[in-house]
Protein chains: 2
Amino acid sequence: LINASRKDVREKIGTKNIDAVAGLASAQYQAGADYIDVNAGVFGDKEPEFLKWLVQTVQEAVDLPCCIDSPNPKAIEAALEVHSGPALINSVSLEKGRMEEVVPLLNRGESHHVVALCMSDEGMPETTEQRLAIADKLIGRLTENDITVDRIHVDPLVQPISTQGNFGIEFLNAVSAIMKNHEGIHTICGLSNISFGLPARRYLNRTFGIMAVANGLDGAIVDPTDKQLMGALITAETLAGKDDFCANYLKAYRNKLLS
Amino acid sequence: LINASRKDVREKIGTKNIDAVAGLASAQYQAGADYIDVNAGVFGDKEPEFLKWLVQTVQEAVDLPCCIDSPNPKAIEAALEVHSGPALINSVSLEKGRMEEVVPLLNRGESHHVVALCMSDEGMPETTEQRLAIADKLIGRLTENDITVDRIHVDPLVQPISTQGNFGIEFLNAVSAIMKNHEGIHTICGLSNISFGLPARRYLNRTFGIMAVANGLDGAIVDPTDKQLMGALITAETLAGKDDFCANYLKAYRNKLLS
């Protein structure tokens, strides 16, 4: 939500409106977010300055780590200078240069976590096998650099089923294989690409999120204030055996998230 | 829906109310059912007579096969005497006697399909491994008797997560393993047991259905006139790559099933 590519948020970040940004952070904290995503990519040369300000503003408002959402090593470095505790860096990939510049930052000061995008200079993968091949290389490179698997969140990249009908199942099979082949690793994704070009997108995104949890996905980049989506993901985790005594499910029921 | 254990339906079957039963069949046909389940178990000695009447009444009303829902070989035999085309027999299991009496009926006249319950004289399985062991024996016994895998619908048996938190995931893993280990086989289940003892049961059942489809489930015993459930299952199949050009999804959208 704290992403300067959203028009209304851009203005709030551009004017360094502390109350507005803190409000967005608090709402996500209340809704159960584990990290607060911050993105200042649209500011070009000034991205490091604004990203740093975002981290400070968010962490003064809530007791949560940030997801530093930038491919720019200079911006990541500036943000980490002020970040308290281990952050989640989004992201590295196999694209030329991405790994070399970011990896040294991941062990600086704290043991930061990292999103590893299944993307290479050959473009976006389409099949399960292409995703697995890239994931294996990414994980190999990161672990060689002392980033242990529990700090790696692989994003197999969701692509729209309107483009190709099997793009959903290829992604789901990749999640399940990555989780099986690399014990202790995490998987993460955004959901909204799946529904591009189709009606009832939020419904489709939510249903795909449930299916991804059924295949082992344990992270997602979402709007945690979307009650229907959060209700769906919490319920899926309960059904996947990740909710002792159904406590989270019962809480979601009481909070009227289940519809 | 055409199950005499439901109080209002029992009376309609008991009085041989053709319009009422035909109406229940038509509604399911309109809603996209592949088989119409018929159950007259509560009538004891008269089960064969009533089951036969149900099959005749349903097949006069709609052009669909029946799911003959009875453990009683005499009732199944009576129903098959009047059934047109291959039926789905629900069910056989590893319980003493169940297999021997029903198997000969499956190749009589037509190549009938069968639901194979993962149940043995040792009771209901709890783990994935227990389900797989029973499924392997069931499939072995059926294929020895010339029932090919494409006619076998294995039901791994859903058990309530309120009893044990991992009952959902053990079931889901069993579905995925059975589909992988026996190419061409089908899996089927009822969904409602999963939510026993918890609030928002229809929501929980629906979410579990989506997760089961994500793991390869290709059949379910449901109320097809439940729009939210059907919308969820159709969407899950679309996302699982089983819906060319998203045609079923778009139809479900137009029919307002997606909520």
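Welcome to a predicted model, in which local features need pLDDT of at least 70, side-chain atom pairs count only at pLDDT 80 or more, and totals for chains, interfaces and linings use all residues. Residues are numbered from 1 along each chain as its sequence is written, chains are lettered from A and ligands numbered from 1 in the order in which they are written, and side-chain values use heavy atoms, with hydrogens and water left out.

**Where chain A meets chain B**

- Chain A brings 34 residues to the contact and chain B brings 34 residues, where contact means heavy atoms within 4.5 Å.
- The two chains, A and B, bury about 2800 Å² between them, with 75% of it on carbon and sulfur atoms; buried area is the accessible area (1.4 Å probe) that two parts lose on being put together, summed over both.
- Tyr203(A), Met211(A) and Leu239(A) supply 25% of the area that chain A buries against chain B, more than any other three residues.
- Ten residue pairs, both residues at pLDDT 80 or more, are in polar contact across the interface of chain A and chain B. A polar contact is a pair of N or O atoms within 3.5 Å; within protein, one must be able to donate a hydrogen and the other to accept it, and residues adjacent in sequence count only if both atoms are side-chain atoms.
- On the side of chain A that touches chain B, the elements giving two or more residues are helix H7 (167-181), helix H8 (201-214), helix H9 (227-239) and helix H10 (247-254) of chain A. Helices (H or I, at least four residues) and strands (E, at least two) are DSSP runs, numbered from the N terminus.
- H8(A) gives the most to that side of chain A, with eight residues.
- The residues on the side of chain A that touches chain B divide into 22 nonpolar, ten polar and two charged. Here Ala, Val, Leu, Ile, Met, Phe, Trp, Tyr, Cys and Pro count as nonpolar, Asp, Glu, Lys and Arg as charged, and the others, Gly among them, as polar.

**Helix H3 of chain B**

- Helix H3 (residues 47-61) of chain B has 15 residues and reaches 21 Å from its first C-alpha to its last, close to the 21 Å expected at 1.5 Å a residue; the expected span is 1.5 Å times one less than the number of residues.
- Among the buried residues of H3(B) are Phe50(B), Leu51(B), Trp53(B), Leu54(B) and Val58(B). Buried means under 20% relative accessible area, exposed over 50%, and partly exposed in between (1.4 Å probe, protein chains only).
- The packing partners of the buried residues of H3(B) include helix H1 (7-14), helix H2 (18-30) and helix H4 (73-82) of chain B.

**Two histidines**

- His113(A) sits in strand S5 (residues 113-117) of chain A and counts as buried, at 17% relative accessibility.
- The side chain of His113(A) makes a polar contact with the side chain of His153(A) (2.8 Å).
- His182(B) lies in the loop between helix H7 (167-181) and strand S7 (186-187) of chain B, and counts as buried at 17% relative accessibility.
- Leaving out residues up to four places away in sequence, His182(B) touches Asp136(B) and Ile139(B).

- Most residues other than glycine have a negative phi.
- Lys256(A), although not a glycine, has a positive phi of about 60°; Lys256(A) is exposed, with a relative accessible area of 70%.
- Lys256(B) also has a positive phi of about 60° and is not a glycine; Lys256(B) is exposed, with a relative accessible area of 69%.

**Charged pairs**

- The structure holds twelve salt bridges over all chains.
- One of them joins the side chains of Arg108(A) and Glu77(A) (2.7 Å, N to O), linking distant parts of the chain, 31 residues apart.
- Glu81(B) forms a salt bridge with Lys52(B), the closest N and O atoms being 3.0 Å apart. Glu81(B) lies in helix H4 of chain B and Lys52(B) in helix H3 of chain B, so this pair ties together parts that are 29 residues apart in sequence.
- Glu95(B) and Arg98(B) meet through their side chains in a salt bridge (3.2 Å, N to O); Glu95(B) is partly exposed at 23%, whereas Arg98(B) is buried at 16% relative accessible area.

Conventions
A salt bridge is a side-chain nitrogen of Lys or Arg within 4 Å of a carboxyl oxygen of Asp or Glu.
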